[in-house]
Amino acid sequence: MILEVDGLHAAYGAIEALHGVDVEVEKGEIVTLIGANGAGKSTLLMSICGRPRPTQGHIYFDGADIAGLSTYEIVRRGIAHAPEGRRIFPRLSVLENLQVGATIAGEDKFKEDVEQVFALFPILAERRHQRGGTLSGGEQQMLAIGRALMARPRLLLLDEPSLGLAPLITRKIFEVIQHLNRERGITILLVEQNAYQALKIAHRAYVMQTGRIVLTGTGAELLVHPEVRSAYLEGGAA
């Protein structure tokens, strides 16, 4: 088990956002988390990365409890996060954004890792000296994922990677997610509003409602589950 979230509670001030969440991710899996806006999905990913700090419960990564560690220490252990909204540095160039992501991995690996990112996203190679804020939405998402990969993670947290993107770019993003998992062996915890595509590539999945896990199963099982189809799939991306 590479990640185990056990009875996790997290809050923003007096407002509790997670109410005893349990999630497990095996090494080598793609695990998808789906649910309505405000269900607590992004809060869970951010809590794994150290902000907000859990108020109760445990987060085990490779058997060690990382709840309470600083974000920097968590990244050093092998977790990277491509957050919702991309959050690239708009005034920095593509290459400079990737340099920020490479802080943990070290300078000696930078050239090799940059070339791997450019192989995944050739458009970023063409834009390497362009400011991040001038990229299209799809290019910014590619940069956000690339920046996370520069930390050489063993567990990659992806938060809404297809949000607001054109279908062609969305297809490319999902192809990259599968490539990273199959060819590079990166374990992935994916939060995604495109439930159909997310469940289609997932080994296992969880459904969140109002800060709680209400349903779990394989991706294939949840694709045909009546409640999931009614709430997230019918008339949607399928």
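Begin by selecting Glu-26, which is partly exposed, with a relative accessible area of 35%. Here buried means under 20% relative accessible area, exposed means over 50%, and partly exposed lies in between (1.4 Å probe, protein chains only). The structure is a predicted model, in which local features need pLDDT of at least 70, side-chain atom pairs count only at pLDDT 80 or more, and totals for chains, interfaces and linings use all residues. Residues are numbered from 1 along each chain as its sequence is written, and side-chain values use heavy atoms, with hydrogens and water left out.

Glu-26 lies in the loop between strand S2 (15-25) and strand S3 (30-35). Helices (H or I, at least four residues) and strands (E, at least two) are DSSP runs, numbered from the N terminus.

Select residues 110-120, which form helix H4. Which residues of H4 are buried? They are Phe-110, Asp-113, Val-114, Val-117, Phe-118 and Leu-120. These residues cover an arc of only 160 degrees around the axis, so they are on the same side of H4. The arc is that of the directions from the helix axis to the C-beta atoms. Lys-111 and Ala-119, on the other side of H4, are exposed.

Next, move to Phe-121, in the loop between H4 and helix H5 (122-126). Phe-121 counts as buried because its relative accessibility is 0%. Display Lys-172 as well: it is 51 residues from Phe-121 in sequence, while the two are 9.2 Å apart in space, C-alpha to C-alpha.

Select Arg-51 and Pro-52, which are joined by a cis peptide bond with omega about 0 degrees. Pro-52 is in the loop between helix H1 (41-48) and strand S4 (56-61).

Proceed to Arg-87, in the loop between strand S6 (79-82) and helix H3 (94-101). Its phi is near 55 degrees, a positive value in a residue other than glycine. Arg-87 counts as exposed because its relative accessibility is 53%.

Finally, select Thr-210, in the loop between strand S9 (204-209) and strand S10 (212-218). Thr-210 is not a glycine, yet has a positive phi of about 40 degrees. Is Thr-210 buried or exposed? Thr-210 is exposed, with a relative accessible area of 58%.
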